[in-house]
Amino acid sequence: MALLKVENVFKRFGGLVAVNDVSLTVEENQIIGIIGPNGAGKTTLFNCIAGAFPPSEGKIVFEGSEIGGKKPHQICTLGLSRTFQVVKPFASKTVLYNVTVGAFAKTNRRVEAEAKAIKVLEFLQMDDKRDVFAKNLTLPERKRLELARALATEPTMLLLDEVMAGLRFSEIEVMIELLKKIRAAGVTLVIVEHIMQAIMALSDHIYVLNFGGLIAQGSPAEIAQNQEVIKAYLGDDYVTVED
Ligand SMILES: Nc1ncnc2c1ncn2[C@@H]1O[C@H](COP(=O)(O)OP(=O)(O)O)[C@@H](O)[C@H]1O
Ligand SMILES: [Mg+2]
């Protein structure tokens, strides 16, 4: 049984169809990549899956039960967490506080939540930052805090929305290794990312969105050679013409 099944999902904002008849399947312990130009509907799709708002149409099934229209905290309790493209930690609170908030998704006991948060910070090699205020973190550290907060909810599946945006080459390499470690720990990942180096290195399977609809899917090698994908990203001029 697939861990997540998105079936014919639409999301409309007035006349705009932000997500247009999208279907996708995620198997347990896969890393699935979702790519597409700005405005393609990637974040909106995550919002539908994670419960920020209900899909206008279609089914979203997680571990065999329908989650379309459920609230974010209910979906999170079921084991599906997400990061936000625009990172918004409690700026005047410490790293440990922010991650502990995540851990409260699975326990009401403060001691337990804090212990879980410390374990996650150790796993992400940022326990040395635990007493630093979130507002004093660098961008790569804030991205890692966002990841820590989501991991502290003990997800089965994690939706990552551009966790590498703004990072330098060396920082991207570090993040790729961290995501591999998270998968090895048993978490299924769906990653939205513009950084092809990361998408290609990590994904078992890639879905490509454009104007809300799926235009292609396949292995990283297949996607890299897909003319329609190249056109969507780079414009007609870049499509190679065979003579
Ligand atoms: N809450 C919203 N209300 C109205 N329009 C929205 C909303 N969220 C996204 N959109 C629109 O939906 C389209 C897809 O946006 P988004 O999902 O953010 O794309 P991506 O993440 O692929 O860049 C865009 O045209 C965007 O302006
Ligand atoms: Mg987005």
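How many nonpolar, polar and charged residues does the shell around ligand 1 have? The views below take up that question and a few others in this predicted model.

**View 1. The shell around ligand 1.** Sorted by class, this shell has four nonpolar, six polar and one charged residues. Ligand 1 is surrounded by Phe 13, Leu 16, Ala 18, Gly 36, Asn 38, Gly 39, Ala 40, Gly 41, Lys 42, Thr 43 and Thr 44. Strand S2 (16-26) and helix H1 each supply at least two residues of the shell. H1 gives the largest share, three residues.

View 2. If you follow the chain onward, H1 is followed by Gly 51, whose phi is positive, near 95 degrees.

**View 3. Helix H3 packing with helix H5.** Here H3 (residues 95-103) and H5 (residues 139-151) pack at an angle of about 35 degrees, and their axes are 7 Å apart. The crossing in which H3 passes H5 is right-handed.

**View 4. Residues of the contact of H3 with H5.** On the H3 side, the contact is made by Val 95, Asn 98, Val 99, Val 101 and Gly 102. Leu 145, Ala 148, Arg 149 and Ala 150 are the H5 residues of this contact. By class, the residues of the contact divide into six nonpolar, two polar and one charged.

Key. Residues numbered from 1 in each chain as written. Chains lettered and ligands numbered in written order. Predicted model: local features only at pLDDT ≥ 70, side-chain atom pairs only at ≥ 80, totals over all residues. Helix = DSSP H or I, 4+ residues; strand = E, 2+ residues; numbered from the N terminus. Near = placed C-beta within 6 Å. Nonpolar A, V, L, I, M, F, W, Y, C, P; charged D, E, K, R; others polar. Axes fitted to C-alpha atoms, helices over the stretch in contact; angles between N-to-C directions. Left-handed = near helix turned anticlockwise from the far one by under 90°. Contact = placed C-beta atoms within 7 Å.
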